[in-house]
Amino acid sequence: MRIISGKYRGRRINPPKNISARPTTDFAKESLFNLLQNRMDFEGVEMLDLFAGTGSIGLEFVSRGAREVTSVELAHVQQNFIISTCKQLGVNNLRVIRGDVFKYINSCALKYDFIYADPPYALPELPTLPDLIFEKDMLKAGGWFVLEHSESNDFSSHEHFYESRRYGSVNFTFFRNNS
């Protein structure tokens with residue numbers, strides 16, 4: 001894996017072999033960021049990365065000028081990997097929270113410009129994530145929520161649905177807070 005653009009462009013991220021996360025492929029990540037750069041300015045953004053895994057998406061936001069990134073990850077191996085990668089790169093505006101994403105959502109009083117979630121595709125609660133994000137009012141006005149999921153999920157009837165894109169086996173659904 002690599003960081004695609006920005007301050008850390010071209011830097012490789014080499015997760016340990018014992019990591020249990022399913023990292024977003026470079027192809028899908030590059031496609032996602034090509035779409036995002038036409039929809040938002042990364043500079044100064046406050047971003048939340050749920051089910052952070054390797055931290056690749058959050059690091060991409062940091063590299064592109066995000067003001068602050070919060071990564072929530074339950075697995076100790078992944079959390080340690082994100083922390084050590086931040087140290088190697090000299091990143092000081094990415095905060096890692098080791099914990100359950102649903103508990104974080106329920107207790108969160110902050111609002112973000114951008115929220116990304118890449119849960120395990122078989123997670124039974126995956127379909128509830130858009131409703132939880134919007135019920136907890138976690139997005140700033142004009143903010144985006146992107147959910148990575150398998151093709152078995154369809155969110156096109158959701159009130160805040162914007163669009164879906166598919167890149168191989170990776171599906172991204174975009175939601176927008178239009179208030």
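This is a predicted model: local features need pLDDT of at least 70, side-chain atom pairs count only at pLDDT 80 or more; totals for chains, interfaces and linings use all residues.
Helix 1 (residues 26-37) has twelve residues and spans 16 Å from its first C-alpha to its last, close to the 16 Å expected at 1.5 Å a residue, where the expected span is 1.5 Å times one less than the number of residues. Residues are numbered from 1 along each chain as its sequence is written, and side-chain values use heavy atoms, with hydrogens and water left out.

Within helix 1, the buried residues are Ala28, Lys29, Ser31, Leu32, Phe33, Leu35 and Leu36; buried means under 20% relative accessible area, exposed over 50%, and partly exposed in between, with a 1.4 Å probe and protein chains only. These buried residues pack against helix 2 (56-63), strand 4 (112-117), strand 5 (139-149), strand 6 (161-167) and strand 7 (170-176), contact being taken as heavy atoms within 4.5 Å. Glu30, also in helix 1, counts as partly exposed because its relative accessibility is 32%. Leaving aside neighbours within four places in sequence, Glu30 is in contact with Arg2 and Ile4. Glu30 and Lys103, by contrast, are 73 residues apart in sequence and 30 Å apart in space, C-alpha to C-alpha.

Helix 2 is mostly covered, with eight of its eight residues buried, namely Ser56, Ile57, Gly58, Leu59, Glu60, Phe61, Val62 and Ser63. Their packing partners are helix 1, strand 1, strand 2 (68-73), helix 3 (76-89), strand 3 (94-98) and strand 4. After helix 2 comes Gly65, which has a positive phi near 105°.

Most residues other than glycine have a negative phi.

From the N terminus on, the order of the elements is α-β-α-β-α-β-α-β-α-β-β-β.

The radius of gyration of the protein is 15 Å, which agrees with the value near 16 Å that a compact globule of 179 residues would have; the radius is taken over C-alpha atoms, and the globule rule is 2.2 Å times the number of residues to the power 0.38. Along the principal axes, the C-alpha atoms fill a box of roughly 40 × 35 × 30 Å.

Of the 179 residues, 53% count as buried. Among contacts with a separation of 6 or more, 67% are accounted for by residues 24 or more positions apart. The accessible surface comes to about 8,600 Å², of which 47% belongs to carbon and sulfur atoms, as given by the Shrake-Rupley method with a 1.4 Å probe.

The protein has 21 positive and 21 negative side chains, and the centres of the two sets lie 8 Å apart. In this count Lys and Arg are positive and Asp and Glu negative, with His and the chain ends not counted, and each charge is placed at NZ of Lys, CZ of Arg, CG of Asp or CD of Glu.

How values were computed:
Helices (H or I, at least four residues) and strands (E, at least two) are DSSP runs, numbered from the N terminus.
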